Amino acid sequence: MANSSWKRWSVAVAGAATLALTASMVAPAVTSASTSNTLNFSFSSNIETLDPTQWTDMTSMYPMQEIYDTLVEYDPVTTKIVPGIATWTVSKNGTVYTFTLKKGIKFSNGDPVTAQDVIYSINRVTRGDANSSGAAPYGFAYSDIQGYNAWFNSGKPPVAGMTGMSGVTSPAAGVVQIKLVTPQAFFLNVMALMSAAIVDPSVVQKYGANYQLHAIGSGPYKLKSWNQGHQMILVPNTTSWRYVKGEPTVIMDENVNPDLALLRYQQGQYAFVWGPLPSEVYAKILSSATLKSQYHNVVENGVVYLAFNTTKAPFNNVYMRQAVNYAINKTLLIKDITNGRAALMTQPLPPGIPGYNNSIKNPYPYNPTLAKSLLKKAGYKGQTLTFIYPSNNTDHIRTAEIIQNELQAVGMKVSIVGTSQIGNYWPLEDNASGNWNIAWTDWFQDYPDAQDFLFNLLSKEAFGATNVGNWTNPTFESLVTQADSLPGNEQYQRNTDYSKAESIAVQQASWAFLYNEWNDALIQPWVKPQGSFKDLMIYLHPVKTPQFQYMTVAPH
Amino acid sequence: MGSYLVRRAIWTIVTIWAILTVTYFIAYMVPSDPARLIAGQHASAATLASIRRALGLYHPLWYRYLVYANQFIHGNLGYDFIMRRTVSGMVLQAAPYTLYLAVVAVFFELAIGIPIGIVAAVKRYSFVDNLLRFVSIVGISMPTYWVGSMLLMLVGFKLGWLPLGGVSPLGVILPALSVGITGSAFYARILRSSTLETMRMDYVRTARAKGAGEALVLFKHTIRNSLIPVVTYLGLDLGALLGGLIVTEYIFNWSGLGFLLNTAIGQDDGALIMGVTLFSASGIVIMNFVVDVVYAFLDPRVSYS
């Protein structure tokens, strides 16, 4: 009896100990907004990094934009480039940029920001093995700087006080000069990217691979804590030149599913629900007068389109490509897939990009009869066309099914094939057989310049990479190459050349032009812009992520 | 008993190795480009090539498998280049949350299921028994994610009595309760059957014949022995919960292994999917081993020959 009692007690004690031990290991992963001057919101994915050499995504840009500075940046309410921590001059031929650092700029740890820190930061993001996972994703954006290739391939580590690329020098204290191989009118846009954020070399070298957990910049916020995958807290950096009195603390929860985020918003815990909002969340907004009054949107600088494999029949034929354009009811597609939250795409550039051709209204209105006659003209023989799309998203699946039906209605035989995510999605790059004819794809700007779209998506140099379908046209190519190489003070000519190039791309049906999505958000009425910034751009800027230092939290 | 433990331990190791092999090759059969996932849409071909070299993607698959297996033996689940953290670190950070949630969920399952099972057995074939069995069937049939969503909406949002998801001292109640409500039905049914069977045993009849009151017969002679199948199921249940709270953790934003796995699936993160799967599956296998040992420890009638 004593033996069985002992057994029973030992099991009971073991169970209680397990519960107590695991409960003690489970510290609360998140902090709730407990102070009044706090903005709490969430993302449905991770903040991937705070290291400029590893940056690729919009989510990470939210905290990075607030922690770091760049030499130049975008105006808070327009897309005009304005001084960041430096003013600049450009040589007449557009190849030499001279940046003069503003006086008194400091990192949040008190270290002054120097020209050597800028040289270090730019060389760090352009080295061939910027981090343990290989070259920085955006290092290539600086490849027109003199000395880039030698530096990229050198394998040398960036160190404080280094030399690095021959085209990046400091001719005087507080001055950084960057020499390009060719003029690049969008170079200032490239220098406003998060990859060009200025880091403190001593902090990077101190923390090495763990740098991002201790990231330091000269921006209006500093990192208070980061429980990776769960929550990041930013607090005001009162020593920053961009600090605004009264700026709120920012708490960002990661990996919160959209339905839960909406519930927390409705309960008043979250100040925002950032978009693009999923369809199911938007449907709930439409059914609530309160939520509708708090909903805001802008057209994004992005494009959603179908690429054609022009390396083989039948889409090497312009009539075939035009037939697809006429066969798709894009207005209905926008209503069905985006709940009306998109603008009809009329050309390769989104409306917010300089060079957008305002004279092109609706080049391919829905016209199945015309589509059929163009199919005949193209000599379509009835072969099965393979339409590939990323299958990780129900909207993409529905899009593929809708378009398949519409193309089949005009006489095309279409087989839709879901592929794995973006990782294997560049068909000509990763699939040597090119066993596809139509591919759903999209692109969001790196910077608001036509080069980012027309060169990256439709030039010969981008064949087999971001020019997914290898479409090309000699006149288009010549116009875009010419416009890309003009210096920034020739913007009028650039815009003229880009507009002409756009007309060609549209007439030649380089893509099936679908839509330009909106960016949208729910914003609590107790979040107010500070001072003179009574503008939606503070929340939904076409390039910048929300600018929290210009917001205040009213009593609620 | 010694030889039994050794045999079970060897099979446990073999099973874990088989799980590692199957999950590794399945994970890498899914078409995916880790370099593109890390570098994003806009990266150049040279950048991608550099990343692929750094990741060792140019080595043959069998070589990469052996490297991974060797790392696993040393407790290393690899490095996740998308999350930029070690997989082991992320898994070990998440595991206690899942264990805690699973333990609290099992508490609710037992707290609800055991009384229902006992009452149903005592009131066997009566209206109460039929009603409780109907409730059990409904409980088994309800999807956990539906129960969870309803509790979140009603208790968390409409009434505001408990937090809207997230990890906090009160935040464990709703997710655990959603699992507890649906899982308790299994315990109720098992315990009802087991209790009815035990009640028919000779020693129970003997106890009654000796004049023992019904309460004494129930609590001293019947229930204790009726709990044996419950213990068996408990171990399996706990093991399954450790690997199967994906949807619950997603709904309630509970930072456990299921939450981590959901994140990994959403970003096509092969390394993390593998790490969580391997860890959870190994946990289930080890838990089964522990159950076998504890079971025999509790019931000396089990033979190890």
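Predicted model: local features only at pLDDT ≥ 70, side-chain atom pairs only at ≥ 80, totals over all residues.
Of the 305 residues in chain B, 43% are buried, where buried means that 20 or more other C-beta atoms, placed from the backbone, lie within 10 Å of a residue's own. Residues are numbered from 1 along each chain as its sequence is written, and chains are lettered from A and ligands numbered from 1 in the order in which they are written.

Staying with chain B, we find 14 helices and two strands, which are DSSP runs numbered from the N terminus, helices being H or I with at least four residues and strands E with at least two. The C-alpha trace of chain B spans about 85 × 60 × 30 Å along its principal axes.

An automatic or database domain assignment divides chain B into domain 1, residues 16-74, and domain 2, residues 89-298. The C-alpha centres of these two domains of chain B lie 37 Å apart, and ten residues of domain 1 are in contact with nine residues of domain 2, a contact being a pair of residues whose C-beta atoms, placed from the backbone, lie within 7 Å. On the domain 1 side, the elements that give two or more residues are α1 (2-29) and α2 (34-39) of chain B, and α1(B) gives the most, with seven residues.

Let me turn to one pair of helices in chain B. The axes of α8 (residues 173-199) and α11 (residues 228-244) of chain B come within 10 Å and cross at roughly 155 degrees, the axes being lines fitted to C-alpha atoms over the stretch in contact, with angles running from 0 to 180 degrees between N-to-C directions. That crossing makes α8(B) roughly antiparallel to α11(B), a description used for angles over 145 degrees. Among the residues making this contact are F186(B) and Y187(B) of α8(B), together with Y233(B) and D237(B) of α11(B).

Finally, a helix in chain A. Helix α15 (residues 450-458) of chain A is mostly covered, with eight of its nine residues buried, including F453(A), L454(A) and F455(A), as well as D452(A). What covers the buried residues of α15(A) includes the strand β17 (438-444) and the helices α16 (474-485) and α17 (491-507) of chain A.

Methods
Buried ≥ 20, exposed ≤ 12 C-beta atoms within 10 Å, placed from the backbone. Parallel < 35°, antiparallel > 145°, perpendicular 65-115°, else oblique. Contact = placed C-beta atoms within 7 Å.
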